[in-house]
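Hi everyone, thanks for coming. Let me put the model up and walk you through its charged pairs and one patch on its surface.

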Amino acid sequence: MNAGQLTWKHALGVAAVVFVVAYAALAVWNAHGHAMPQNSWIAVGVVVVMAAMVLFAGNEIRIYLKGESTRPPSPQRSRSTLVAAQACILAGAAFAGWYAGTAAVDAGRMQTTTGPSSFLLAVVLTVVCVALVVSGLVVQWWCKLPEDDEDKKRRTPKGPPGEVV
């Protein structure tokens, strides 16, 4: 793993922390008689468009690194694409945790008139946010540069086994 690379473990950790905080806060908020925050179907579209945009940007880099294109992407665009992918991983995980917390609280309110519809929307938003995380992980993987001979030499031990170099 590269030093700056995010993994599904990072995303899961962020989602878990946000879920616990969101669930606790929303449960207390709702228990005191306050209305739950309203989610929007527009948010579903926004998250799907974000995932599609990062996949589209990453595809250009993937095609070049596979040797299927002779036109290299600019270093700025490559860096921006990688940063966008990592932002999708972290933001998608945080929002997935939030919407999962909302869904968990809404699950206990299914008998109300808005319970089933708000629960369904929170579940859909959780799923599309997880898809955003996956798209970020895929694009980050696409942006990984292949190893060259210098990388292999740096990792090869220089002395006999057991010797600290």
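**Salt bridges and a patch**

Let's start with E60 and R71, whose side chains meet in a salt bridge at 3.3 Å, N to O. This pair links distant parts of the chain, 11 residues apart: E60 sits in helix α2 (residues 41-65) and R71 in the loop between α2 and α3 (75-107). By salt bridge I mean a side-chain nitrogen of Lys or Arg within 4 Å of a carboxyl oxygen of Asp or Glu. Helices are DSSP runs of H or I, at least four residues, numbered from the N terminus.

A quick word on the source: this is a predicted model, where local features need pLDDT of at least 70 and side-chain atom pairs count only at pLDDT 80 or more, while totals for chains, interfaces and linings use all residues. Residues are numbered from 1 along each chain as its sequence is written, and side-chain values use heavy atoms, leaving out hydrogens and water.

Now, is E60 buried or exposed? E60 counts as buried because its relative accessibility is 19%, and buried means under 20% relative accessible area, exposed over 50%, partly exposed in between (1.4 Å probe, protein chains only). R71, at 59%, counts as exposed.

E60 also forms a salt bridge with R77, at 3.1 Å, N to O. R77 lies in helix α3, so this pair ties together parts that are 17 residues apart in sequence. R77 is partly exposed at 36%. Through shared partners, salt bridges join E60, R71 and R77 into one network.

Elsewhere, K66 pairs with E68 in a salt bridge, closest N and O atoms 3.2 Å apart, and both residues are exposed. That brings us to three salt bridges by this rule.

Methods:
Helix = DSSP H or I, 4+ residues; strand = E, 2+ residues; numbered from the N terminus.
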